Each structure stands twice: as structure tokens, then as C-alpha cells.
Amino acid sequence: MARKGILIDVNRCTGCYNCFLACRDEHFGNDYLPLSAAQPLNGQFWMQIKEIERGKFPRPKLSYIPIPCMQCKDAPCISAATNGAIYKRDDGVVVIDPEKIKGQKDVVNACPYRAIFWNEEKQIAQKCTLCAHRLDEGEKRPRCVESCPTGAMYFGDLDDATSEIAIKAKELNAAAFHPEYSTDPSVLYAGIPKKFVAGEVVLADNPGECAQGVKVVLDGNGEKWQILSDSYGDFEFEGLEKNTSYTLTVEKEGYAPYTTQIFTRTDVNLGEIVISAL
Amino acid sequence: MTEQVFTNCTNAGPVSVYVKDGKVQRIRPLVADEKDFKPWVIEADGQKYSPKKKFNIAPYVHGERRRLYSDERIKYPMKRVDFDPDGERNAQNRGKSAYERISWDEAIDIIAKEITRVKDTYGGSAISGMTSSHHNWGIVGYKMGPFARFMNMLEFTPVLDNPDSWEGWHWGATHTYGFYWRLGMPEPYDMLGDALQNAEMIVFWSNDPDTTRGTYTGQDSALWRTWLKEKGVKTIFIDPFHNYTAGAMEGKWLAPRIGTDTAMAMAIAHVWITEDLYDKEYVKDRTIGFDEFKPYVLGETDGVPKTPEWAEEESGIKARTIRTLAREWAAKRTILSGGSRGGEGGACRTAFGTEWARMMVLLQAMQGLGKPGRSIWGTTMGAPSDVDIWFPAYADPEGRIATSSVAGFLPFNPTKQRLWRLTLPDAVLNPPVSWYGEGFCGQSLDQQFIHFEYPMKGYSEIKMFYRYGGSFMGTLSDTSKWVRMYQSPKLEFVVNQDVWYNGETRMADIILPACTNFERDDVGEWGACGGYTCHASSGSNFRIVVRQQKCLEPMWESKSDYEIFTLIADKLGRKEEFTDGKTELEWVETFFNHSDLPKVIDWETFNKKGYHIINIKEDYKPTPALRWFAEGRDCDTPDPNNAKRGTDKAKELGTYSGKIEFASESLRKHFPDDEERPVSPHYIPSFEGHRSDSFKKYGLQLLSPHPRFSFHCHYDKHTDWLDDIPIHRIKKDGYAWWPARIHPTDASARNINNGDIVRLYNDRGGVLCCAVVTERIKPGVIHSYASSAKYDPLSPGNADSVDRGGCVNILTPSRMLSKNVPGMTPNSCLIEIEKWEG
């Protein structure tokens, strides 16, 4: 027994799409029966890349979240399929049997991660197998992990506490993407972006110089953070919870304080905050 | 049949090719024996940095299998249906008429007869031909091999290339710090180690290395930037587009108005001078002309001090921000990353782009260029790399079958006439044309001052054009003039030889199908261009020379370029001259024996194993770029083309004075009164920018950088898997559109929504794209990559037609960098944009 999985460090992902294209190269037009049928030309993304643009000009942020099948321990697709068409192998890989799955389109909607795709022509559901056919031949990792240039992906046995992936998962405090789906995925993530609040402090009586070292306080959600504006007068609070109310205060001795209420429905760029001398 | 695994190489990485029953199953990053790798280690601040034993190829190389079997392959020789070499040629229908399949015999017969007719009637100079770059890999088959060898035999008129990706550095920076033998790029040696050990900040100025990837070295350097980010090196990105490297490294983003980077640079110099924040000793000992430069910066010569407030007016970047940047740059050991190879970048492809490139060098000179952490480095080259084992690269004369001393017969071309790539259509349509500069001026600074005029006395205008590849609709500027050129009856005969259909292919009279480098034998070192970019494979973590094994027979009726030229030469009775009696595989072995590889591996082993990794020696000693110059020592870097190295002038740079020149001696000698490239650099507002008259009509600036998921025009439409990458193309209504990025304020002012099909237009033409509304672009700027391979005019054959393929270069100006600088200026381009209702 084992639990093969991938750990994805989103902070290291540059959005190069190598993983997506390597997957396409491995599977397009190539059957690996009985583990997987060939990926068709259109509409299937066994390794899907989700681009996340946050914030506003001139303080945007860019992240990419690669999303394969999560190889869930409690995979909803397995119970949605009939005839044992989807099953879990001893190594934890969830496999759709290309023969038995024929006509079972409902399994596509069983996956909350939308990682199962319907092949209209063959009338089968398909998805990532962690390149199980390659693992069975002795390869050490799936094509997607092999192709990653920055080491943003780790592959291995999550149940083996001595494995690189298990050690890294602990170190990076990795967790499921969308834990609320409660499927216990074997693909884990570090660095999934949350919300951020940013702005630039400007002194009304000295706009030709950046306002470095001004105290900025963010208060909310039962916590309070205090930072100083950087050399450009910029400040940023990263990793905030979504849909949460905060109070932001800018304070500098001899200047009128600035306070505003923030709600993190999206990321917030407050732009220039001009404070005036008293 | 069992699976066979072959080795091969591409222009962005080495690969293993798995073939079963004559069909390619998969193409992986080359799978090498782990024992062959001896990774280097760089120690910095108690950490050890070392690459994994693997090759990080570029994304599009994962699509090679799809490109190999693409529907866009040219499968058979074709003839334009209304072309009759013995009757009506109907040149006016090029780009419009259909084609019919003909036999190889018929095609070769027509071409040989036309060559003979044109040569007999007008002389060899009436034949011209040119290639696109980089469409395959391997020195035997590369364009500078068979194509050049054959064309020299015909005594043709060569077309000189402009240094398209780094214009300002070539025509400007060389007059500031030399390096003409690198066409304006700095030497890259051991800069990765310098960065890890010494850098506190990196200013990426007009540079997106995660996208342009050091040209050939795939994604090996992506890991280096990950290290630098995780190490906490501060990064600044100056670019109108929040580029992909900025996204990955999460640096501070400054978005100046296009064409005003030089003003920002002047203001930084102003801060340093007025606040006494520059390296005065270095300026005194290592530079000349500061006394001419300083008064201009301070406004003593023109009454305009180049203050941060002045620069804010021009660039839109706040004066306080420029001030802080200048102070931090001076206070921290700061690397200037002015383009993928150190120099390059869109800012040098603008009006007067020489001035920006010169300022990049001068700013870094004011901070002690060459001292630890004070380099000009693109972050894509300069890993520890062995330079003792020589293997010829395509740009080395010794690496081309056209010029190498290993050839028994070397054809000599006596024709002195030249054409200039950017003005080739003008030369055909409206001669005469003239310009200064002998193309890639890598032999001397003085090559830049040679005057050329076409037609040259004693030679013919060109009558026959042999095009090899055909990407210019998507890469050069004001490109609809290429359609006009092709439709001129002055071009009596046009051939196009290529692997895939490209924008210009269907402008030819005869089309010939070439095969890919997977269908023939070759050899090549990953990332090595040689010549003017010597030791470029230091952009890879491991040097690897790949025996590019023929993986399958040429498909359909395609043939290798070498074989095609052999057939034509045979018809002309000159086969032996062309082939030197050798097959392609025999040329491979000849080059192998000519190189240093036999010292470390024998031919049989190399030929069978398919690769050899050249690791660094155990006693490797770094020689950081320009450290010798900063420290006043003889040059100790292994840069073989530095003519002063090893002489009594070994302490000097390649400028006339041997120092960094704030006032250029070479420009003073040749163009002392040139106000558009003055002796000491100036900020000159763009001829097509926010101060131009046309700005009232076309109020948006177009930024068209090199693309992220193609290599120039290669891959793109020949690899339709890429259409599933929305950064590259966006599928809508059954068509894969080229994206145009627009800020929400500009979009809403024009009632444009994300995903709308829009027309980008100006007086030069119109191009349809798919709108991407994003906060990552400066308001007032439209970002759409250059190098669409798909030229798809709504009205084929009509040069004025709207294109829906995404060739935004149709919109860019013909005007050159400045009056004496024949470089292209695609980023000085004003447009409007509107929702396309069809």
C-alpha cells in the first residue's frame, strides 16, 4: 500500500505550461490500456493550468495553479461510477477503466475539481492517471513532474514519512486545494494565493520623496498586523482571508491619521494614501 | 515492432524521440544516464546551489510531435496554377491564386531552368535569396550551411540581416563599451555565481527572461531566478507590461510610457550626480567623456535639467519613485538586466533606441560595471561552463558547410552587391535604397559606417527570389509591403522552400517541401550559436552535444534541404561541387572529427549513444565578466573574439579609447553632427509617440515583444496544441485568435469586453485579435506579441486587407531607429482599437 501523490509549490510555478504540454505529448493519440485511453485533440486538460491575476494596476500579482486529478482518498467519482468502472489502485492512483466507463457521463459532474473530461466520440470519461503506465514500467515520476523547470512539483509516496514529498509537505505546510470538498486529495498545494491589501503612503507636504517607514496597521478577523511602509512608501498585507472585514490605519507622528474599512471580496489596492501634516 | 529511442536536439533543448512502427510516440527531454552528469555547485551565503540532472526544455518543444505531423506541413512540390515560366507569369496573383501538385522532377526542372535563364540574362547578382532563423537545429542542415553554400555557387546577392532583437545595443551600446564582437551584448562569464554571491538587487529593464529564455537554452535559467527570489534578492521590473518574470519573481513594477525609458535613465543619472551617489574613481579611471555627459544631464547645455520631475512628465513614473530607485541602485549591489542576454529588450526596438541602450551601459558604469554584483546580466547565461572542449556551432564559420575549412571545395561569391532585409521590399519596388552598416557588424565598429546602395553599380537588380522559410509577415515591420513586393512583376520568379506553410509561402511560384531535423541526420550542441554569441551554452546547466539521429524517413514527399539543393545542383551539372562528395551523415562525422570531441569520446560511441555531456573540470575557476576591466587587469575571460585579449591592450574594452565612453569617439569620428545619435546620448522624444501629431488620431501605443509560447514564428500555428494555452491563442467561434491585452479603462472607454474580437488599426493596416482585459498593462498601451505565424488576410492577395491571424507587425512603422541607424522600431507604434463587428 502506498499513496502516490504530487505536492505543488505554487510559489515556484512560473506558468510555463510545460506540465500541460508534457501530459499532452504523453497521452495524445496514445492508448495505455487498460489504464487510460488516448487523449483527444480538443477539450481535455488532464493537467489544467489556472491563471490567477490579483490586484489592480500598478500592483497586480500573478499566480498559476496546476490542477491534475487529485487522486482523492475519498474520491466521489468512484462512488458515482457503476460496475466498478473507477477504482483505486494499491498505490493510491484512481483509475477510470476505459471499457467499463462507457456511457457513464455522470461521473464528470461527480468531480468537484472538474478534473474528469468527457470524450464525446468514444463516450468515455477520462483523466490524469499520474502516468500510471509509466510508473508500472519503473519510471520515477509522471511526465508533468519530470518537465517542471523550477522544481515546483514533488512526486512520491505521501504515506512514507521519509519520502521527499512527505518531508516537503510538512515543511511547506501543504494542504488540499478546496479542503471544503472533503475528498482527502493526494495532490497537495503550498502557496495557494489568498487576498492582499496594498497601497502607497504619500506625505502631502513632501510628495517628491517616498514616505518610507510610516506605520500601517491592519486590524480584523481577530488579528492585528503592524508594518512599516517600504522605501517606495509601499505597504502590503498578504495572505488575508476572503470576504473578511478589516480596518486599515496609517499613522505618522505629526500627521493626521488615515483610517479606512476594507472588505476582502477581492484584493484591494488603495492606491496613493496622502496624509497631511497637522 | 519494438520501440526505438533516438536522440535529437531542438532550438530549445535536447530530446529523446520514441518511435514505434515508424511513428513517433513521444518526445521527452533527453533521457541521459545519470552517471554522465557532474553538476556544478555554487556556494553563496552558506547555501549550495546545484542543478538537477536534467534538461529543462522550452514548453513548445513538448509539442514537437504535433508539429512533426502538422496539417500545416508542406507535403509535396507545388506550382501556382497561373504561373507559366514559358508564358504568363501573373506575378500580380501571388498570394491569391491556388496551387497544384507537381512532381519533384518537374519542380527541379523549372527551378534549374530559371536559375540558368536569370543568370545568363542578368548575371548571378540578379538572384537573391534569404532565410528565416532558427526553424531547425543541427549545424549540417542549418540555413548557413546548405542554403549559403548553394547560393554562393550561384554568385547571388545576399540580404544582410538587421540585428532585429537587440537593435539599440548593436548600433548604440557598442559605441559605449565595445563588444562589437558580441554585437553589443556584454560577455556573460560566471555571472550566475556573481549574482548568487554578490547581488542585492536586480533591475530588469525591458526584460522578460522567463518568456524569451536566453534565446536557445530552454528553461534552465528559470531555476536560477527561483534561487535568487528565494534568496531574497530584491527585484525591480521596468516594462509597460507586467511581464511573466515580474509575475514569477514578485518584484516592484514600474510601467513607463513607451519610448521614455531614456528619460528615466537620465533622471537616475541626475540623482546620482546631484546627490554624489556614483563611483567617481571608476568614472575617472575607466571611462572618458563624462564632462560632456554631465552638463547635458544637469541641463547646462540645453536649459533642461533631467530631474526626476522632468522624467515624470515624460514617463508617467512618479519623481519620488525614480529618486528612490536611483538611491537604492547606488546603495545596493545592483545588477542591471537590460534584456535577455544582458542587452536586448523592447526598449531598444524603438525610435532612437540606441540612446536607451547606451544609457544602460553608462548607468552601470557610474556604479562600477564589473565590480561584484554590479554587472549587466540578462539572468539567462553565465553558469559555470567548460570552454576548453570546442565544438563548432552554426554561427562559427568553421561550423558551416558553406565556409568550414573541412570542405574540399568552397564556393566563392564575387558579388559585392547587398540588400538590407528591412528595405528589401522598397529595393524591389522603389530603388535605389541606401543605408549604413554591414548587417551584423561583428568584425569592427567601423563596419557600422560602411555605406551601401542598391542597386550597386555593375550589378543587376534582383529578378529571382529564393525564399527559405517565410515568417516576415509576423516579425518585421510595416509588413504588408512584403505582399506588394511579391506581387511586383519585377520579381520574375519566386521559390519558397520550407517545412511548414508560413505567411510568405503562398506568395511563391514554386513551393518545395523540406523535412524537419527529426527526418535527417545532423549534430548540434544545445544552446550554442557560436560566432557573435560565443559560449551561449552557458545558459544551459550542462553543455551537451547531441548526435541528431534520423528518427524516421522524410514524410510525404519532403526532403532534407541538403538533398533539395543537391538535386538542383545536379540538374545544373554541379552536384560534386555542392556535396563535396559527402552525405549528410558523412558531414556529421567530419565535423565531429574537426571538433575536440574525439579527445573525450570516440565516433562509434557518440554516434550510437547519441550525446555527450561536457562537464566542468574539477579545478574550475570562475572568471567573472568584466571584473578584469573594473580591476584594471588584463582580460582573463575566455572570450575568443575579443581582439585585444592576449595583447598589450588586454586591459582595454573594444571602443576606440579602450574605455567606457560617455562621449563616443567612434561616433565623433564618423557622425559628429548627428542629432539623432549624438556623440553623448540624449533623450529624444519618439517620432511616433505621445508627442506626435498622429497621437490625436491613434491614442494607444502598441507594445509587441517576442512571444512566450512560440520561437519567433516557429511552433505557433504549426503546433495546434499551443492553441489550448490562452496566453498564446484564444479559441473562439472555431478560430484560434491572437490575444491583445488592454487595460480596463481603455477597454471600457471603447465598450470592449474581455474576449471580444477587436480590430487594431492605424494608417498602415488592420489586424484582428481577441481582447484580454487585464490590470497587467499600463493604461494607454496595448500589448500583443510579435511573431504570429498565421497571416490570414480576409481578402487574400490584397496587401491592404485586414489580417485575422494576429500579425500585428503589419501595424508597425517602416521608419528606422534614426537617420544613420537602419534598425527596426516596432515599439514606436500608435494605433486605435475597436470592437470588430465583422
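Two strands count as paired if DSSP finds at least two bridges between them. Strands (E, at least two residues) and helices (H or I, at least four) are DSSP runs, numbered from the N terminus.

Before you start: this is a predicted model, in which local features need pLDDT of at least 70 and side-chain atom pairs count only at pLDDT 80 or more, while totals for chains, interfaces and linings use all residues. Residues are numbered from 1 along each chain as its sequence is written, and chains are lettered from A and ligands numbered from 1 in the order in which they are written.

Stop 1: Select β2 (residues 13-20) of chain B, which is joined to β3(B) by six bridges, running antiparallel. Look for B:V17, with B:I27 of β3(B) opposite.

**Stop 2: strand β10 of chain B.** Select residues 201-205.

Which strands pair with β10(B)? One is β11 (residues 234-238) of chain B, parallel over five bridges, where B:K234 is the bridge partner of B:M201. Another is β14 (residues 334-337) of chain B, also parallel, through four bridges; there B:I335 stands opposite B:I202.

**Stop 3: helix α11 of chain B.** Select residues 290-298 and highlight B:F290, B:F293, B:Y296 and B:V297, which are buried. They span an arc of only 130° around the axis (taken from the directions from the helix axis to the C-beta atoms), which puts them on the same side of α11(B). Just after this helix, B:G299 has a positive phi of about 85°.

**Stop 4: where the chains meet.** Show both chains: 31 residues of chain A are in contact with 35 residues of chain B (contact means C-beta atoms, placed from the backbone, within 7 Å). On the chain A side, α1 (18-27), β3 (61-67) and α5 (143-147) each give two or more residues. The largest share, six residues, comes from α1(A).

Key: Two residues are in contact if their C-beta atoms, placed from the backbone, lie within 7 Å. A residue is buried if 20 or more other C-beta atoms lie within 10 Å of its own, exposed if 12 or fewer, and partly exposed in between; C-beta atoms are placed from the backbone.
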